[in-house]
Amino acid sequence: MVVRQYNEELKYLEKINPYCWKIKKGFQPNMNVEGVFYVNNTLEKLMLDELRNSCRPGMTGGFLPGVKQIANVAALPGIVGKSVGLPDVHSGYGFAIGNMAAFDTSDPTSIVSPGGVGFDINCGVRLLRTNLHEKDVQPIKEQLAQSLFDHIPVGVGSKGIIPMNARDLEEALEMGMDWSLREGYVWAEDKEHCEEYGRMLNADPSKVSLRAKKRGLPQLGTLGAGNHYAEIQVVDEIYDKFAAGKMGLERLGQVVVMIHSGSRGFGHQVATDALVQMEKAMKRDQIAVNDRQLACARINSVEGQNYLKSMAAAANFAWVNRSSMTFLTRQAFGKQFKMAPDDLDMHVIYDVSHNVAKIEEHVIDGKLKTLLVHRKGSTRAFPPHHPLIPVDYQLTGQPVLIGGSMGTCSYVLTGTHQGMTETFGSTCHGAGRALSRAKSRRNLDYKEVLVKLEEMGISIRVASPKLVMEEAPESYKNVTDVVNTCHAAGISKKTVKLRPIAVIKG
């Protein structure tokens with residue numbers, strides 16, 4: 001295979017405005033549509049450096065650069081619009097993380113690809129508000145952080161404390177948050193403020209392997225490791241008073257809790273099982289892709305449908321998981337403040353998913369089409385008046401929760417009409433890695449990271465020191481760069497900035 005020189009690669013890329021680049025057809029073989037990626041000057045340099053490095057002689061193995069991955073997705077059968085890279089985009093398995101793409105369900109060649117959803121199915125973020133102020137929490141911050149750490153099982157091998165047997169798991173996989181509601185772990189209004197109302201209706205637990213269920217059973221109601229966390233945060237800046245008010249975020253210093261977690265080993269196994277099946281389906285149906293990691297199947301094939309049903313079960317698992325941790329968070333706060341969670345106003349502001357494929361209706365070339373939208377490391381961001389967002393947010397647009405890296409700020413955005421036309425109502429999901437996990441461990445000392453967090457006034461409870469290095473802010477892009485790019489490009493709108501005061505990590 002001939003490796004093109006970097007300056008030849010650049011001929012296929014065009015900056016169409018200060019925040020958006022186009023990837024022309026021909027950059028990778030068989031592109032059906034163009035690619036785009038959103039960046040500001042800092043993020044642009046990261047993207048182009050990654051591409052430049054991949055052009056050096058002898059650079060083989062590992063993931064392809066993000067730009068190439070976006071282009072390879074543009075070559076998948078049935079894709080419509082463009083293959084979109086959001087500002088936190090970085091290379092991942094098959095699809096880049098931060099790459100979204102939509103496929104026309106009426107086209108018999110259209111595909112579904114597990115690489116376009118990711119291994120941590122329905123990894124997502126939930127935000128709870130409280131009526132507490134930072135000054136109420138500061139005197140007991142350490143005890144509160146410890147209480148959360150004690151209540152929520154964290155770390156690689158952690159086991160859930162919500163009672164679960166095999167039958168409960170089957171029901172939870174099918175019912176999602178309806179199971180949590182029935183069992184008394186959530187409040188009825190929590191569901192209203194959750195994407196898909198916390199339940200994908202096409203979930204079918206019978207399509208999930210026994211191995212996945214065995215991995216998932218002990219892990220329900222656990223935070224896990226990696227970039228997952230529970231954070232106590234305070235409102236640091238309000239950019240849109242009206243939208244923030246609708247979310248119940250009305251004053252600076254107000255305390256909130258952000259929970260970032262997914263479907264644990266269960267979702268990972270569902271993805272792994274599907275990839276094996278899809279490789280067989282690709283041979284049978286003669287589907288050609290540019291990268292083996294883009295294994296896929298026709299949407300309407302048995303394999304495609306089985307994956308969508310098992311993926312929906314994993315999405316439901318993740319919602320039950322975040323709901324269980326919501327319950328434990330409310331308990332921890334209730335104990336520390338000797339008040340009922342209800343009296344602390346611990347309502348769910350919203351719950352968003354990052355890694356999921358969903359059937360949605362979008363307008364393409366003036367026609368309403370039913371599409372299968374893959375969002376991997378990207379968040380749904382529907383505009384005001386969209387029928388799929390809660391009544392409370394009809395005037396503001398859907399809340400979008402953007403978690404920062406450990407010790408940095410997070411943001412709440414809202415969806416826009418421009419995002420609906422340009423990115424199928426999608427925006428970024430977080431900071432996005434800038435250094436690999438291995439590089440982070442080589443370059444950083446966990447003690448220094450902990451001291452730095454302490455100097456910033458952030459309490460931390462962590463199960464594994466190694467993880468501190470992998471998740472240090474230096475390992476990530478600057479979340480403010482990412483969010484400002486989305487805001488400036490018009491694909492979502494800044495509403496609130498949140499600052500962490502305590503972090504719980506695996």
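The legends below describe close-up views of a predicted model.

Residues are numbered from 1 along each chain as its sequence is written. In this predicted model, local features need pLDDT of at least 70, side-chain atom pairs count only at pLDDT 80 or more, totals for chains, interfaces and linings use all residues, and side-chain values use heavy atoms, with hydrogens and water left out.

**View 1. The annotated "binding site" residues.** An unreviewed UniProt entry carries the annotation "binding site" for Cys123, His260 and His354; its positions are given in the numbering used here, feature names are shortened, and annotations may be inferred rather than shown by experiment. These residues are spread over 232 residues of sequence, yet they cluster in space, with a largest C-alpha distance of 10.2 Å.

View 2. His260 belongs to strand β9 (residues 254-261), where strands (E, at least two residues) are DSSP runs numbered from the N terminus. His260 counts as buried because its relative accessibility is 7%, buried meaning under 20% relative accessible area (1.4 Å probe, protein chains only). Setting aside residues up to four places away in sequence, the contacts of His260 (heavy atoms within 4.5 Å) include Cys123, Asn227, Tyr229 and His354. The side chain of His260 also reaches the backbone oxygen of Asn227 at 3.1 Å.

**View 3. Surroundings of His354.** His354 lies in the loop between β11 (348-353) and β12 (355-364), and it counts as buried because its relative accessibility is 2%. Beyond residues up to four places away in sequence, His354 touches, among others, Cys123, His260, Arg375 and His429.

**View 4. Pairing around strand β13.** Strand β13 (residues 367-376) runs antiparallel to β5 (residues 97-104), to which 6 bridges join it; two strands pair if DSSP finds at least two bridges between them. Within this part of the structure, Met100 has Arg375 of β13 as its bridge partner. The pairing of β12 with β13 is likewise antiparallel, over 10 bridges, and His362 has Lys369 in β13 as its bridge partner. The hairpin of β12 and β13 has 2 residues between the strands, and Asp365 takes a positive phi near 50° there.

**View 5. The largest nonpolar core.** This core, a set of buried Ala, Val, Leu, Ile, Met, Phe, Trp, Tyr and Cys residues joined through side-chain atoms within 4.5 Å, has 99 residues, and those with the most contacts inside it are Ile23 and Met311. Its largest share, 10 residues, comes from α12 (residues 302-337), a helix being a DSSP run of H or I with at least four residues.

Notes
Buried means under 20% relative accessible area, exposed over 50%, partly exposed in between (1.4 Å probe, protein chains only). A polar contact is a pair of N or O atoms within 3.5 Å; within protein, one must be able to donate a hydrogen and the other to accept it, and residues adjacent in sequence count only if both atoms are side-chain atoms.
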